Amino acid sequence: MRRVAVIGVGLTRFGKHDRTSAELFAEAAGEAIVDAEIAPSRIQALYYGNVTGGEGEHQLHSSPLAATLLGLTDIPTTRFETACATSHAAFRHALMEVSAGIADVVLVGGAERVLNVPTDHATEYFTYCSDATWEQPVGLTFPGVFALIARAHMEKHGTTEEQMAHVAVKNHRHGVHNPKAQFRKEITLETVLRSAYVADPLKLFDCCPFTDGAAAVVLVSEEVARKHRRPVWVLGSAAASDTMFMHEKRDLARVTATERAARDAYRQAGKGPEDVHVVELHDCFTIAEIVATEGLGFFEPGTGGIAAEKGWTSLGGKIPVNPSGGLKSKGHPIGATGAAQICEIVTQLRGEAGPRQVDGARIGLTHTLGGNTATVLVSLFGRD
């Protein structure tokens, strides 16, 4: 298998937009192509992620539309949907196409637009990513799913609501330094702890927002990458799944798919958690970040809350997590989130992240959850 590198990244500002998902993707992809310093005619395939286009924009068959807006009408295109892990899954499949020698240059990413519909409509569309036979009829939305996980972690390990609040405060502090973030405003522990309960024990400020936005990366073979001045190598990329049914998960305080995907990605890269310098992980709710830091091997099971409280995951801490602001502050356009995480890690490894730069970062990791933790992807990146 051939080595593969990312040579171009691009993303829109995250927040509310009036343009369609495909138009947002065209902006992000154009930025990535310019960043890659490569002619658009060199692109041989598009892997595109979008989740709610059918419901929110009445737009299916969206990958050839995205390519059309870029003037790339004669390349193969494929749309991916794996809930919030959509564009990370697209990235992994694009990686396999390049590493297998089928293509040398592939454009991959995703876009989402949900702020054009009322909040209850967006909530319903997101719920379609859970089981429609047993769980949707009883009203189990995703705040409810992660409230169950939070309560299990609290009862098993003693994690507190204040420790979860530290995650929100930290990610908003990081997001202030990200010009593309949806929320660039610091918050306090008191703000989080006094906000209204959404699904006990999770409160409003424990939850990430609905977001419009897009992100894109240019993946190339080693032969192409060697002619580029700033390649960031893909060291490993793995996916894992778990049962869709919440009642079948044996331990809600763990996300076993994260543990299995991380194990495989570390094995591919020949690295371990102790080698990672910077992380972008899936913090759709504050408890999700705590559980992920444990599943990825950065902290022992049950100590992720303590790590957040002590500042070990902050910029300047033991292992900086979500310097972009994460889903909590940067925003969460679900079809674009995985690609956006990769954009941030590439920016960090290039040393171009400005005031949110992790000093000396050479190895980075991205982690994306899909839906009720039934899909997880983990990828590792490094520079020469």
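**Cysteines and helix packing**

Tutor: Happy to! With a relative accessibility of 2%, C343 counts as buried (buried is under 20% relative accessible area, exposed is over 50% and partly exposed is in between, using a 1.4 Å probe and protein chains only). Bear in mind that this is a predicted model, where local features need pLDDT of at least 70 and side-chain atom pairs count only at pLDDT 80 or more, while totals for chains, interfaces and linings use all residues. Residues are numbered from 1 along each chain as its sequence is written, and side-chain values use heavy atoms, with hydrogens and water left out.

Now for the sulfurs. A disulfide is a covalent bond between the sulfur atoms of two cysteines, taken here as a pair of those atoms within 2.5 Å. By that rule the count is 0 disulfides. C208 is in none, and its nearest cysteine sulfur, that of C284, is 5.9 Å away. C208 is also buried, at 18% relative accessibility. C343 is likewise in no disulfide; the nearest cysteine sulfur belongs to C84, 17 Å away.

On to the helices, which, like the strands, are DSSP runs numbered from the N terminus (H or I and at least four residues for helices, E and at least two for strands). Two packed helices are described by the angle between their axes and the distance between the axes. The axes are lines fitted to C-alpha atoms, for helices over the stretch in contact, and the angles run from 0 to 180 degrees between N-to-C directions.

Helix 11 (residues 286-295) packs with helix 6 (residues 142-157) at about 60°, and their axes are 9 Å apart. The pair is therefore oblique (under 35 degrees is roughly parallel, over 145 roughly antiparallel, 65 to 115 roughly perpendicular, and the rest oblique). Helix 6 contributes F146, I149, A150 and H153 to the contact, and helix 11 contributes I287, A288, I290, V291 and E294, where contact means heavy atoms within 4.5 Å. By class that gives 7 nonpolar, 1 polar and 1 charged residues (Ala, Val, Leu, Ile, Met, Phe, Trp, Tyr, Cys and Pro are nonpolar, Asp, Glu, Lys and Arg charged, and the others, Gly among them, polar).

Helix 11 also packs with helix 7 (residues 161-175), at about 100° and with the axes 8 Å apart. Helix 7 and helix 11 are therefore roughly perpendicular. Here Q163, M164, V167, A168, K170 and N171 of helix 7 meet T286, I287, E289 and I290 of helix 11, and the classes are 5 nonpolar, 3 polar and 2 charged residues.

Elsewhere, helix 1 (residues 21-36) and helix 3 (residues 62-69) have axes that come within 9 Å and cross at roughly 50°, so this pair is oblique. Their contact is formed by A22, E23, F25 and A26 of helix 1 with L65, A66 and L69 of helix 3. These residues divide into 6 nonpolar, no polar and 1 charged.

Finally, back to helix 11: the loop between it and helix 12 (304-310) holds E300, which is exposed at a relative accessible area of 59%.
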